[in-house]
Amino acid sequence: MMNLVNVIGLGYIGLPTALMLASSHVEVTGTDYNQELVNQLNAGQLTFEEAGMEELFQQAFSEGIRFTNDYQNAEMYIIAVPTPYDKASKKIDASYVEKAIKGMPGRSDYLYRIHHISRNN
């Protein structure tokens, strides 16, 4: 079995990604800053509807997926947070990504690279 994957951001991209990995026998913890969302998921309730999600959710739950507000020490991180796009400047707002990276254990070196890349493109 692969070591832990921490999916950061449990919205329309992050939650299905976490569920797919967990249902494929990967150890997954989903992290989100929204405590109400985390509580709802831990109670076995989906936060939005999509075809096939309920079955996928149940399978992932049976495989041991976990949901928390806390970042995990993980082998791999998947960051699935918003990156709003400014049509006028044609640049993305990477602040959500920067915030997500700041919370990752031992990963502050990535923050500089993301910040540098996002500010210069």
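Here is a chat about a predicted model, covering its sheet, a helix and a few residues.

Biologist: I'm new to this one. What order do the strands of the four-stranded open sheet have?

Modeller: Keep in mind that the model is predicted. The order is β3-β2-β1-β4, and the pairing is parallel.

Biologist: Which strands stand at the edges?

Modeller: Those are β3 (66-68) and β4 (76-79). Each has a single partner strand, so one side of each is left without a neighbour in the sheet.

Biologist: And how many degrees does the twist average from one strand to the next?

Modeller: The twist averages 20 degrees.

Biologist: What about β1 and β2, how many bridges do they pair over?

Modeller: Four bridges, with β1 (residues 5-8) and β2 paired in the parallel sense. If you want a spot to look at, find valine 5, which stands opposite valine 28 in β2.

Biologist: Okay, helices now. Which strands does α1 lie across?

Modeller: α1 lies across β1, β2, β3 and β4. Relative to β1, the helix runs at about 160 degrees.

Biologist: Let's switch to alanine 100. Where is it found?

Modeller: Alanine 100 is in helix α4, which covers residues 95-102.

Biologist: Which residues is alanine 100 in contact with, leaving aside its neighbours within four places in sequence?

Modeller: Ile8, Tyr71, Ile79 and Val81. There's also a distance to note: alanine 100 and threonine 31 are 69 residues apart in sequence, and their C-alpha atoms are 9.9 Å apart in space.

Biologist: Where is histidine 25 found, then?

Modeller: Look in the loop between α1 (14-23) and β2 (28-31). Histidine 25 counts as partly exposed, because its relative accessibility is 48%.

Biologist: And lysine 90, what's its phi near?

Modeller: Near 60 degrees, again a positive value in a residue other than glycine. Lysine 90 is in the loop between β5 (85-86) and β6 (91-92).

Biologist: Is lysine 90 buried or exposed?

Modeller: Lysine 90 is exposed, because its relative accessible area is 62% and exposed starts at over 50%.

Notes: Residues are numbered from 1 along each chain as its sequence is written. This is a predicted model: local features need pLDDT of at least 70, side-chain atom pairs count only at pLDDT 80 or more; totals for chains, interfaces and linings use all residues. Side-chain values use heavy atoms; hydrogens and water are left out. Helices (H or I, at least four residues) and strands (E, at least two) are DSSP runs, numbered from the N terminus. Buried means under 20% relative accessible area, exposed over 50%, partly exposed in between (1.4 Å probe, protein chains only). Contact means heavy atoms within 4.5 Å. Two strands pair if DSSP finds at least two bridges between them. Axes are lines fitted to C-alpha atoms, for helices over the stretch in contact, and angles run from 0 to 180 degrees between N-to-C directions.
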